[in-house]
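I set down each look-up in turn.

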Amino acid sequence: MCDDITEQENQAFATAGGTLNRRDFSKLSAAGFLSLMATNAGVAQGALDVTDREVNVPMAGGVSDSYFVAPTSGKHPGVLIWPDIRGLRPAFKAMGKRLAMQGYAVLVANPFYRDGPHPHVAAGEQFSDPDVRGRLIPMARKLTQDASMSDARDYIRFLDAQGETDTSRKVGTMGYCMGGPLIMRTAGAVPERVGAAASFHGGGLVTDRPDSPHLLIATSPAHVLHAVAENDDERNPTQKVVLAETYAKHGIPAEIEVYEGTLHGWCPPDSSVYNQSQAERAWARTLALFSRTLA
């Protein structure tokens with residue numbers, strides 16, 4: 001996941017100066033994030049009008065206050081987004097809205113609903129802060145395999161119940177950081193519904209434990225994309241190899257790539273190590289995956 005060594009490297013990068021500093025992060029609204037992501041991304045071309053709403057998703061473990069957004073008219077393939085360890089916040093709502101503009105009914109989950117409503121971080125807070133880590137890590141530890149697979153079933157059930165979702169088409173799922181294992185568990189939990197799964201700087205995808213996410217690959221036919229941070233790969237170079245071999249063994253189409261020059265956390269636009277050019281390339285690869293498998 002977000003280990004201390006990786007965070008030290010990321011903090012060194014942020015201290016040296018990234019494209020956005022902490023003051024910049026705190027000033028950006030959801031609209032600002034959407035504008036930032038639209039830069040050089042062609043979002044305005046062919047983008048659909050969308051309608052969004054805050055939703056309360058009934059869960060086996062309570063109620064998850066989450067975010068739903070979809071094109072204003074018609075029915076569309078559903079996508080479940082799992083945020084990174086900083087949880088549901090304006091940046092992820094903007095990312096969900098951007099995806100909806102491309103023709104998807106999108107549910108952005110609050111993975112920490114067991115600990116209360118979102119957001120669980122304030123504007124500008126980064127995981128590199130010890131106080132933030134101390135608050136979030138215990139929340140993340142509650143997302144065991146059993147708990148997260150139960151959550152996935154409940155989220156997909158809710159997504160399918162929305163009038164904007166086309167249930168004749170497969171569902172996609174996306175996950176960032178700790179959301180990497182969650183997309184694999186979502187695919188394993190609802191294999192008959194999930195057609196595509198994409199992870200970005202996901203950690204803990206291959207472990208030596210009996211609940212390692214990669215052991216679920218055999219249970220789901222979903223096509224996958226794993227966009228790997230360069231420093232994550234340097235820390236654990238065998239993960240991509242095991243993933244590739246396991247997908248190949250079971251005949252599952254998989255795109256696994258280390259994105260040059262990236263640090264753990266490089267995709268969300270409010271990250272201290274946001275890499276816009278590589279994040280846009282990963283976004284384009286995700287849209288291509290969804291176009292092939294969902295739309």
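Is E54 buried, partly exposed or exposed? I looked up its relative accessible area, which is 48%, so E54 is partly exposed. I note at the outset that the model is predicted.

**Entry: the partner of E54.** I searched for a salt bridge and found that the side chains of E54 and K93 meet in one, at 2.7 Å from N to O. I then placed both residues: E54 belongs to strand β1 (residues 50–59) and K93 to helix α4 (residues 90–100), so the pair ties together parts 39 residues apart in sequence. K93 has a relative accessibility of 17% and therefore counts as buried, the cut-off being under 20%. Thus I record a buried lysine, K93, facing a partly exposed glutamate, E54.

**Entry: D151 and R114.** I looked up a further pair and found a salt bridge between D151 and R114, whose closest N and O atoms are 2.9 Å apart. This pair links distant parts of the chain, 37 residues apart: D151 sits in helix α6 (residues 145–161), and R114 in the loop between β4 (105–108) and α5 (130–141). D151 has 1% relative accessibility and so counts as buried, whereas R114, with a relative accessible area of 31%, is partly exposed.

**Entry: E255 and R285.** I found a salt bridge here as well, with the closest N and O atoms 3.0 Å apart. E255 lies in strand β8 (residues 254–259) and R285 in helix α10 (residues 276–293); the pair links distant parts of the chain, 30 residues apart. For E255 I read a relative accessible area of 21%, so E255 is partly exposed. R285 also counts as partly exposed, at 30% relative accessibility.

**Entry: a network and the total.** Which residues do salt bridges with shared partners join into one network? I list D84, R86, R89 and D270.

**Entry: cysteines.** I searched the whole structure for disulfides and found zero.

Note on methods. Residues are numbered from 1 along each chain as its sequence is written. This is a predicted model: local features need pLDDT of at least 70, side-chain atom pairs count only at pLDDT 80 or more; totals for chains, interfaces and linings use all residues. Side-chain values use heavy atoms; hydrogens and water are left out. A disulfide is a pair of cysteine sulfur atoms within 2.5 Å. A salt bridge is a side-chain nitrogen of Lys or Arg within 4 Å of a carboxyl oxygen of Asp or Glu. Helices (H or I, at least four residues) and strands (E, at least two) are DSSP runs, numbered from the N terminus. Buried means under 20% relative accessible area, exposed over 50%, partly exposed in between (1.4 Å probe, protein chains only).
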